[in-house]
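Here are my notes on the model you sent.

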Amino acid sequence: MTISTSTTHEASAAEGARPATLGEIPLPAPAWSRLTRKVFGHRGLTIGLCLVLVAVAVALLAPVLAPHDPYYQDIANRMVPPVWHESGSWSHVLGTDKLGRDYLSRLLYGTRISLVIGLVAALISGVIGTTLGVLAGYFGGRVDAVISYIVTTRLAMPVVLVALALASLTGGSLFTVIVLLGLLLWDRFAVVSRSVTQQLRDSEYIHAARTLGCSLPYILLREVLPNITGALIVVITLEMAHAILLEATLSFLGMGVQPPLPSWGLMVAEGKAYMFFQPWVIAIPGIALFLLVLAINLLGDGLRDLNAPGGRS
Amino acid sequence: MGTFIVRRILVALSVALTISIVSFMLLHLSGDLAASIAGPEATAEQVEQIRIDYGLDRPIVNQYLEWLGHALQFDFGRSYYYQSTVVDLIVDRMPITLTLGGLALALAVCIAIPLGVVAAIRRDTWVDRLALLFAVIGQAMPSFWFGLTLIVIFAVTLQWLPAAGSDGWQHFVLPAIALGYYATPAMMRLTRTGMLEVLESDYIRTARAKGLSARSVIFKHALRNAVIPVVALAAVELGFMLGGSVVIESVFSLNGLGQLAWDAISRNDYPVVQAVVLIIALFYIVLTLLADVANAALDPRIRTR
C-alpha cells in the first residue's frame, strides 16, 4: 500500500472506533514530499501525467488554440498538405481535409470528444462495475456466485460486435456511444473491486464498524470504498484508454460518432481513400490517438506501480 | 477432476444460453427492427407489413423460443439480404476468420513468450526496457490505424505484400501482424512477471544449488511453471481476437466472419448479426473452458478451489 492509502486505513479505523471525537487525521507532511518524489522519480508516470495534462489543456482551450473553425469548409483549399511538405503553408499548419477544413483545428477539437468519451464512459462503467464488485466481494456466497456469473457472461460477449450492432440500431451519436461503452466496459471494475473487497472484508476496522452497529451503506461507502479507490483509479485510467480506442474504432467503422464531428477515428475513416498519396491524412489523427492512449496507459501503469507493495514492479 | 470438468461445462452451457437471450433482447429492444429493415423512406403501412412478414409483431418471448428451437438444430434462419441460410454464410466465411485468428495468435505467442523470458532474465537492463516499450506501444496502437499504416508501408510504398483480399498466404501476413500485435503485450507482461516470480522461488534456488545449468533451470524448471497462466491468457486472447477481427477484416477487405457481421449490421440483416454474435461468444466460451481444464490439468492446486 502507498503512504496515502495506509494513512486512510488508520484514519478509517479510528473513525470507525470513535466517529464522534476523532476528526480527520492530517497526512503527515513528509509523506507528501515522499509521494511527489515517487511520482516524479517514475519516468513513465511523469511522461504520462504531462501528456494527459497537455491533452486536458488542449481540450479546454481548443477555441483559443484552434487557428480556424473546425467545421468551416474552404472548398478552394482542399487537401492542402501540412507545413513540412514542400507545397504546405503556415495558414494550415497540418493541412486541410477533403472538404477544405483545417486539420489542426479539427485535431484540437477532437481531443474534447476523446476525453469526454473516455471520462464519462469510464465513470458510468465504474459505478456499475464497482457496485457489483463490492457487493460480490463483501457478501460472498450466493451474491458472489450470481455476480461472478454476470461478469463471466459479459466477458464472453464480443464487445466490438455488440457495440457495433447496438450503435447501428440506436443510430450512432456522441451520446449513444458514451452510454453504450459505459454499459459494456464495467467488467474490469467488477473483477478488481471484488478481489480487493474480499481482502478487506475481514480486516479489523470493518469488524470494528460492524460491532459498533454501523449501517451497511455506511460500511460499504465510508469504510470499504475509500480503501479500494487506489486500485479503482488504476482501472479508471485503463478503461478510459479502452473506451477512447473503442470509440475511435466504432467511428472508423462508421457506427460511432457521426460527421461532421471531428472524432479522430472518423478523421482516419474520412482520410482512408486518400492515404495512398497523402498518407498524412491518416497519420496525423492516428498519432494523436496513439499518444493520448499511450499517455493514459502510462499514467495507469505508473499509478499501479505506486500502489504495489514493493513500489516499482 | 471429473466433477470439476462437468461443473465447468454446465456453467459454460448456461453462459451460452444467457448470451443468446441477452443478445436477442438487446437487438429487439434497442430499436424498432421493422422500421430499420424498411428503411427511412417506408410508410407506416409498409413498416407494419414487414413487422407481420418477419414475425416481429409476436411477443418477444415467443420469438426467442422459436429462434432458440431452431438454433439448437443449427438452423439460424435465412439471411434478409443474401439468398441463402445463415448457417451456409457462416460456414463459408468461418475459415478466413479462423486462419486469421490462428496466425495472429501463433505470431503473438512466438513473440510474447521469448520476449517475456528474456525481459525477466535480463531484468532492469536495456533489453527489459525495450520489451516494455514494445508492449506499451502495442497497447496504445489503435489496431485499425496500425493496419492502415502497414498497408501504406508494406503494400503501397515497398510493394512487398498485397493490401487486400484473401487468395493466398501473402494476404494474411499483414492482417495477422496487425491483429497479433494487439494480443502480444498482455502475454509478454504475464510471461515476464510469471518468470520473475518463479525465478525467486525456493525450488529454483534448489535447482541452481544442485549445479544444474542455467539453461536447464530456466527452460525445464522455471518456464514450465511460469507459462501456465499464459496458456489460459492465450486462449482468452484468441477469443478476443476472433471478436475483434471485424476491424482488421474491414481494413484488409478480408471476407471473413467479421466482415459478414459488419455488412449484416449495416444492412439490418439481424438473423446474421444474432448468429455471428452467438458463434463468436461460443468460441470464447469453449476456449476459456479448454484453458480452465488445461490449467487444472497442469496445476492441481486449481482443481481444489
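**Notes on the predicted complex**

1. In this predicted model, the largest nonpolar core has 164 residues, and those touching the most other members are A:L161, A:A163, A:L164, A:L181, B:M187, B:A261 and B:V276. A nonpolar core here is a set of buried Ala, Val, Leu, Ile, Met, Phe, Trp, Tyr and Cys residues joined through C-beta atoms within 7 Å. A residue is buried if 20 or more other C-beta atoms lie within 10 Å of its own, exposed if 12 or fewer, and partly exposed in between, with C-beta atoms placed from the backbone. Helix 10 of chain A gives this core the most, 17 residues.

2. On conventions: residues are numbered from 1 along each chain as its sequence is written, and chains are lettered from A and ligands numbered from 1 in the order in which they are written. Because the model is predicted, local features need pLDDT of at least 70 and side-chain atom pairs count only at pLDDT 80 or more, while totals for chains, interfaces and linings use all residues.

3. Which residues does A:L164 contact, its neighbours within four places in sequence left aside? They are A:L250, A:L253, A:M255, B:V246, B:W262 and B:I265. Contact means that the C-beta atoms of two residues, placed from the backbone, lie within 7 Å.

4. The contact between the chains takes 33 residues from chain A and 36 residues from chain B. On the chain A side, helix 5 (141-156), helix 6 (159-169), helix 10 (216-252) and helix 12 (280-307) each supply at least two residues. Helix 6 of chain A has the largest share, 9 residues. By type, this side of chain A has 25 nonpolar, 7 polar and 1 charged. Ala, Val, Leu, Ile, Met, Phe, Trp, Tyr, Cys and Pro count as nonpolar, Asp, Glu, Lys and Arg as charged, and the others, Gly among them, as polar.

5. The axes of helix 12 of chain A and helix 7 (residues 143-157) of chain B come within 10 Å and cross at roughly 140°. Axes are lines fitted to C-alpha atoms, for helices over the stretch in contact, and angles run from 0 to 180 degrees between N-to-C directions. In this pair A:I282, A:G286 and A:L289 meet B:W145, B:L148 and B:T149, which gives 4 nonpolar, 2 polar and no charged residues.

6. Chain A has 12 helices and 0 strands; chain B has 14 helices and 0 strands. Helices (H or I, at least four residues) and strands (E, at least two) are DSSP runs, numbered from the N terminus. Of the 313 residues in chain A, 47% are buried; of the 305 in chain B, 39% are. The C-alpha atoms of chain B fill a box of roughly 85 × 55 × 30 Å along the principal axes.

7. B:P40 lies in the loop between helix 2 (33-38) and helix 3 (44-53) of chain B. Is B:P40 buried or exposed? B:P40 is exposed, because 6 other C-beta atoms lie within 10 Å.

8. On confidence, the complex has an ipTM of 0.87 and a pTM of 0.87 from the predictor. Within chain B, confidence is lowest in helix 14 (residues 300-303), at a mean of 67, and highest in helix 5 (residues 86-121), at 93. Where pLDDT is low, the predicted coordinates should not be read in detail.

How values were computed:
pLDDT = per-residue confidence, 0-100.
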